[in-house]
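Please look over the sequence and the model below.

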Amino acid sequence: MLDSAHETHPSGKPRPAPRAETREPAITRPHTDDPHPIDADEPWMRALHADTGYLLYRLGLRSGQLFNTFLQESGLRLRHYAVLRLLATCEGALQRELSARLGYDPSAIVGLVDDLEKLGFAERRPAPDDRRSRIVVLTEDGRAFLRDTDQAGQKVTDELLTPLAPADRETLHTLLLRVAGNGLT
């Protein structure tokens, strides 16, 4: 029997002897099945929490997670919902307009509209001013879906903003609108 230091690879070449690991692990906190919450007073956490951009990013992620969980039953995601909400504000839009206004890649819009058409929430129609172009229009089923989701969507927002008093929520919303108006559509 060969000892492990002299085993051969299936190719017939000798395998190198295993090396001892000498690097420090990247994370020094031991893994447990019941991790302790991250201490907000740790220096690296204080630095992240001092970064407004990071906090907005984390808040956006959490909001998206909550909203996608809510939408999961319908088979839709937040991106579908955004298309429906935009279509509810107009009499139809070209796919390139949806892409530009929502900031989504044009190829993503095609897939989103396809999904919404399959559910009967949107449809493509000839554009009234150019029959060669097609606009995307919200259907009655799409409008009904949005009406049905209004209350549940508000619950998601309430859960997210639980720590804030009503006046603080209004202030936050006003400030976010001001920031969003500065280059976001």
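Predicted model: local features only at pLDDT ≥ 70, side-chain atom pairs only at ≥ 80, totals over all residues.

Residues are numbered from 1 along each chain as its sequence is written, and side-chain values use heavy atoms, without hydrogens and water.

The largest pocket holds about 1,300 Å³ of space. Its lining has 27 residues, and those closest to the centre are Ser 63, Leu 78, Thr 157, His 173 and Leu 176. Helices H2 (52-71), H3 (78-87), H6 (140-160) and H7 (166-180) each give two or more residues to this lining. By class, the lining has 17 nonpolar, eight polar and two charged residues.

The second largest pocket has about 260 Å³. Leu 55, Leu 59, Pro 163 and Val 179 are among the residues that line this pocket. H7 supplies the largest share of the lining, four residues. The lining of the second largest pocket comprises eleven nonpolar, no polar and no charged residues.

The helix pair is H3 and H5 (residues 106-119), whose axes lie 10 Å apart at an angle of about 80°. The two helices are therefore roughly perpendicular (65 to 115 degrees). In their contact (heavy atoms within 4.5 Å), Arg 79, His 80, Val 83 and Leu 84 of H3 meet Ala 108, Ile 109, Leu 112, Asp 115 and Leu 116 of H5. These residues divide into six nonpolar, one polar and two charged.

Conventions
1 Å grid on protein atoms, 1.4 Å probe; cavity = no way out; pocket = protein on both sides within 12 Å on 5 of 7 lines; lining within 4 Å. Points joined across faces, edges and corners; volume = space filled by probe spheres on them. Nonpolar A, V, L, I, M, F, W, Y, C, P; charged D, E, K, R; others polar. Axes fitted to C-alpha atoms, helices over the stretch in contact; angles between N-to-C directions. Parallel < 35°, antiparallel > 145°, perpendicular 65-115°, else oblique.
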